[in-house]
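Look at the sequence and the 3D structure below.

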Amino acid sequence: MRHIISVLMENEPGALSRVVGLFSQRNYNIESLNVAPTEDATLSRLTVTTIGNDRVVEQITKQLNKLIDVVKVVDLTEGDHIERELMMIKLKANGQMRAEIKRTCDIFRGQIIDVTPNTYTVQLIGASDKLDAFIASLGNTAGIMEVVRSGVSGIARGEKVLSI
Amino acid sequence: MVVRALRDEGVKYIYGYPGGALLHVYDALFQQEDVQHILVRHEQAATHMADAYARATGKAGVALVTSGPGATNAITGIATAFTDSIPMVVITGQVMSHLIGEDAFQETDMLGISRPVVKHNFSIQRPEDIPATIKKAFYIAQSGRPGPVVVDIPKDMTTPTDRFPYEYPKSVKLRSYNPISRGHSGQIRKAVDMLLQARRPVIYTGGGIVIGGASDELTELARLLNFPVTNTLMGLGGYPGTDRQFLGMLGMHGSYEANMAMHHADLILAVGARFDDRVTNACDKFCPTARIIHVDIDPASISKTIRADVPIVGPSKVVLEEMVGLVKESVKKPDAQATDSWWKQIDEWRGRHGGHYRTDDSELMKPQQVIEMLSKVTNGDAYVCSDVGQHQMFAAQYYKFNKPNRWINSGGLGTMGFGFPAAMGVKLNFPDADVACVTGEGSIQMNIQELSTCKQYDLPVKILCLNNQSLGMVRQWQDMNYESRHSQSYMKSLPDFVKLVEAYGHVGIKVDKYSDLEAAMREAFALKDRLVFMDIAVDPFEHVYPMQVPRGSMRDMWLSKTERT
């Protein structure tokens with residue numbers, strides 16, 4: 001099963017490498033990963049999506065908690081949560097395709113953020129499966145030139161917070 | 001500031017080897033007398049000495065090594081301590097900070113290389129951070145589940161002409177690290193209820209009892225309940241080895257009675273042990289009728305390989321203390337009839353095998369006889385520092401450890417070359433104690449250069465080299481699984497060890513016959529102020545038994561070359 005694990009950790013040099021190293025060392029899988037400082041510059045928030053059975057995910061959260069730089073760990077998928085990912089996608093946009101891409105983009109509530117005579121760059125925000133659906137809807141004929149995805153970020157619904 | 005911080009931490013000895021990146025630190029060492037430096041001949045030995053000090057005392061040992069090759073040579077020792085949860089602080093020199101990343105001379109990314117084998121590591125970015133960082137290193141190394149901590153110090157952080165205010169903190173607090181100080185009372189109560197209802201209980205304990213200083217509490221609990229106790233390789237000495245309730249070691253080379261009792265148990269109380277693959281054999285066949293209470297300070301060790309019915313996270317000493325209190329208070333008592341019939345069954349198993357080995361099929365001395373003699377000559381009271389291989393298993397099986405912290409071996413990582421420097425580290429800190437290194441002709445040659453260090457610092461350890469002219473454990477597996485194709489497991493051109501140690505200024509004794517063994521060993525231990533190397537010829541064809549059958553259950557064992565359960 002897919003899990004979204006959020007980690008609050010010290011914003012120290014080497015902290016990220018400890019997390020990433022842990023995953024490779026213990027043979028855990030990383031689907032996506034993102035990290036950035038929080039409003040408190042001494043802390044970073046890291047979100048990792050991983051696939052594994054309950055036993056593996058239990059080990060992942062325990063092992064993450066053991067890292068000295070890690071302040072808190074939460075498996076967001078255990079409760080109600082919101083996940084978002086940002087994608088920028090550069091497409092060949094000529095002739096009829098220009099209107100077609102624009103239409104698809106509107107349906108997915110994406111924005112065209114850069115335009116040249118031959119290309120569109122589309123920005124799309126949503127859960128990962130929505131981004132996958134957008135790519136699928138373009139079909140094989142679409143000229144995808146480049147895809148950039150941020151990896152998943154997540155936050156719990158309601159009043160629950162991950163902070164110190 | 002480095003040396004001053006070590007002094008203020010109360011460090012008496014550090015083990016190390018100088019080099020370019022550490023010259024400022026070594027100059028500071030030269031100008032004081034509080035912290036004594038022991039110069040080894042290879043950095044690996046420095047880490048093992050520090051490690052063994054920690055195993056014998058519970059306090060973190062300190063190693064000091066230079067950048068680049070010094071640091072990489074220390075890695076094996078750091079990994080050894082990490083796998084066995086041993087507290088240690090390793091200070092590594094680093095090239096000047098402006099050179100980091102430029103492939104400078106003797107530069108290596110020590111933070112990156114050590115990361116998977118340390119509890120934590122630090123890089124000093126500002127000289128004024130040195131005292132607080134060293135304090136943190138000791139705190140992290142010694143608290144919670146202990147482990148090694150590396151502090152990497154670029155050379156320009158120790159420039160003696162730069163002056164900074166110095167203050168060594170009395171204590172530290174980290175918001176991201178709060179080791180647990182006691183177990184969950186409700187869970188402990190539940191566990192005690194289960195213990196009092198058990199009919200076929202076994203207490204299975206590991207290194208967490210030894211390093212957690214909980215052997216008195218364990219002994220008290222076991223005696224109150226009259227339950228059998230088995231120890232892991234790391235846990236030996238945690239419960240008195242000559243006690244009637246002790247079943248010996250369990251696992252791959254565990255005793256017949258310990259493995260049989262585990263397999264048939266209805267309740268297992270595991271404390272400070274981690275259900276390692278060398279203990280459990282096949283996880284899906286492990287102890288099919290047992291419910292499991294697992295006490296460990298590290299939550300990640302619980303339900304990692306074997307699911308616990310009652311998990312208790314906490315220090316072994318505190319949790320066992322609480323259990324003892326509850327058992328004493330309780331009006332309910334263990335079912336004496338059930339316990340009696342369980343003991344009857346166990347004693348029957350004990351009678352069936354009970355650590356027998358054959359002495360009649362060859363003229364050659366058996367390695368088991370050497371260990372039994374060592375146990376006899378030292379009254380079971382020596383520090384026994386072992387290397388890795390058959391001799392290690394024989395020592396674990398046949399030396400009767402009645403006290404904790406006396407059995408010092410690389411259990412988890414299985415580091416050949418560990419035993420001799422470990423013995424040196426113990427002898428230095430316990431000069432009046434008998435310290436034996438049990439080794440083989442393979443392991444000893446992995447750190448034999450330390451004979452020179454022993455000469456320099458007068459470290460009269462006793463080395464018992466069980467010489468079977470082959471890498472015995474490798475050979476045993478080849479005999480059992482590879483139709484005796486002894487690929488690279490024998491040693492041609494062994495040195496004359498007696499002459500070799502004499503060249504280093506020590507005493508060598510060669511023993512070929514069992515009838516000479518006792519006198520020779522007594523002579524060796526009587527030479528209080530000399531290092532004695534006993535080169536003891538033992539049967540090269542001997543195997544370690546019992547040995548669990550691969551992918552079987554706890555009870556599936558070979559008991560000799562021809563007999564299995």
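Predicted model: local features only at pLDDT ≥ 70, side-chain atom pairs only at ≥ 80, totals over all residues.

Several of the covering strands belong to a sheet. In what order do the six strands of this open sheet of chain B lie? The order is 14-13-15-16-18-17, and the pairing is parallel. Strand 14 (407–408) and strand 17 (507–511) of chain B are the edge strands, as each of them pairs on one side only. In general, the strands of a sheet pair through backbone hydrogen bonds, and the pairing can be parallel or antiparallel.

One pair of strands in the sheet can be followed in detail. Strand 15 (residues 435–440) and strand 16 (residues 462–467) of chain B run parallel and are joined by five bridges. Within this pair, Thr439(B) has Cys465(B) of strand 16 as its bridge partner. Helix 14 (residues 367–377) of chain B packs on the sheet and touches strand 15, strand 16 and strand 18 (532–537) of chain B. The direction of helix 14 makes about 165° with that of strand 16 of chain B.

Now step back to the whole of chain B. The chain is divided into domain 1 (2–158), domain 2 (185–352) and domain 3 (367–544). The centres of domain 1 and domain 3 of chain B, taken over C-alpha atoms, are separated by 29 Å. Where these two domains of chain B meet, domain 1 gives 23 residues to the contact and domain 3 gives 26 residues. On the side of domain 1 of chain B that touches domain 3, strand 2 (36–39), helix 3 (43–57) and helix 4 (69–83) of chain B are the elements that give two or more residues. Helix 3 of chain B has the largest share of that side, eleven residues. By class, the side of domain 1 of chain B that touches domain 3 has eleven nonpolar, eight polar and four charged residues.

Chain A comes next. It holds four helices and nine strands, and along the sequence they follow the pattern β-α-β-β-α-β-β-α-β-β-α-β-β. The C-alpha trace of chain A spans about 55 × 35 × 35 Å along its principal axes. Of its 164 residues, 26% count as buried.

Chain A is divided into domain 1 (2–79) and domain 2 (82–153). Their contact takes six residues from domain 1 of chain A and five residues from domain 2 of chain A. Which element gives the most to the side of domain 1 of chain A that touches domain 2? Strand 2 of chain A does, with three residues. The residues of this side of domain 1 of chain A divide into two nonpolar, four polar and no charged.

Finally, the two chains touch each other. Chain B gives eleven residues to this contact and chain A gives 15 residues. The side of chain B that touches chain A is made up of six nonpolar, two polar and three charged residues.

How values were computed
Residues numbered from 1 in each chain as written. Chains lettered and ligands numbered in written order. Contact = placed C-beta atoms within 7 Å. Nonpolar A, V, L, I, M, F, W, Y, C, P; charged D, E, K, R; others polar. Domains from an automatic or database assignment. Pairing = 2+ DSSP bridges. Axes fitted to C-alpha atoms, helices over the stretch in contact; angles between N-to-C directions. Buried ≥ 20, exposed ≤ 12 C-beta atoms within 10 Å, placed from the backbone.
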